[in-house]
Amino acid sequence: MVIVVMGVSGAGKTTVGKLLAQRLGLPYLEADDLHPAANRAKMASGHALTDEDRGPWLRALADWIRRATESGRGGVMACSALKREYRELLREAGAGVWFLHLELDPASAAERVARRAGHFMPPGLEGSQYATLEPLCPDEPGMTVDATADPRSIVDEAARAVRGSGMNRSVRGSDRAVDTRGHENLRTECTNMPTVRRGALRTGTAHG
């Protein structure tokens, strides 16, 4: 079992991910730690990553999931996992990958990121995260929760869902309306994606 705590920057992935890993007794990975230096430098300079930039990073995360699955231990990973295509790549790396989407409105995310110190991603890139975000869909294993809730309450809910799901069915939390004013590119509905192009991400030249 590998749980991916996903969402935009500022959603609280690190806080919730570490608490959840502690609760379940699983190893924890901060996905940002596997970003190549070039990716970090690009974001720090105010430029959003492309799918090509993310390719090597996503493959490294998939390798971690594969090893965590093969070891029998599993784990918890804090990772943006913004696109369904990225999540499909992670799911292919090991059986039982489950997503916890921390859903946060743009205004709250911007406020949180503005208060954060010492992170390589500047507040100016928050809009690009919402432009890229494809929310978790009902046919994907996992649940969506309100990221403004208390982190320990989120962990309680997620732990119950994971234990109750048996990793065999999709569990959906109570979705709340997200204020998207000023962020018209935010995808608030699941999109039909019968064909997911992942070959480039697997083989070297990332396509996203």
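**View 1. Strand S1 beside strand S4.** Five bridges link strand S1 (residues 2–6) with strand S4 (residues 97–103), and the two run parallel. Helices (H or I, at least four residues) and strands (E, at least two) are DSSP runs, numbered from the N terminus. Look for Val4, whose bridge partner in S4 is Phe99, and for Val5, which stands opposite Leu100 in S4. This is a predicted model, in which local features need pLDDT of at least 70, side-chain atom pairs count only at pLDDT 80 or more, and totals for chains, interfaces and linings use all residues. Residues are numbered from 1 along each chain as its sequence is written, and side-chain values use heavy atoms, with hydrogens and water left out.

**View 2. Strand S1 beside strand S3.** Here four bridges join S1 to S3, again in parallel. Val4 faces Met77 of S3.

**View 3. The open sheet.** Its five strands follow the order S2-S3-S1-S4-S5 with parallel pairing; strands pair if DSSP finds at least two bridges between them. Strands S2 (28–30) and S5 (142–146) stand at the edges with a single partner strand each, so one side of each lacks a neighbour in the sheet.

**View 4. Helices on the sheet.** Helix H1 (residues 13–24) packs on the sheet, touching S1, S2, strand S3 (75–78) and S4; contact means heavy atoms within 4.5 Å. Helix H3 (residues 51–71) lies across S1, S2, S3 and S4.

**View 5. Both faces of S1.** Val2, Val4 and Met6 on one side, and Ile3 and Val5 on the other, are all buried (under 20% relative accessible area, with a 1.4 Å probe and protein chains only).

Definitions and conventions. Axes fitted to C-alpha atoms, helices over the stretch in contact; angles between N-to-C directions. Buried < 20%, exposed > 50% of the residue type's maximum accessible area, 1.4 Å probe, protein only.
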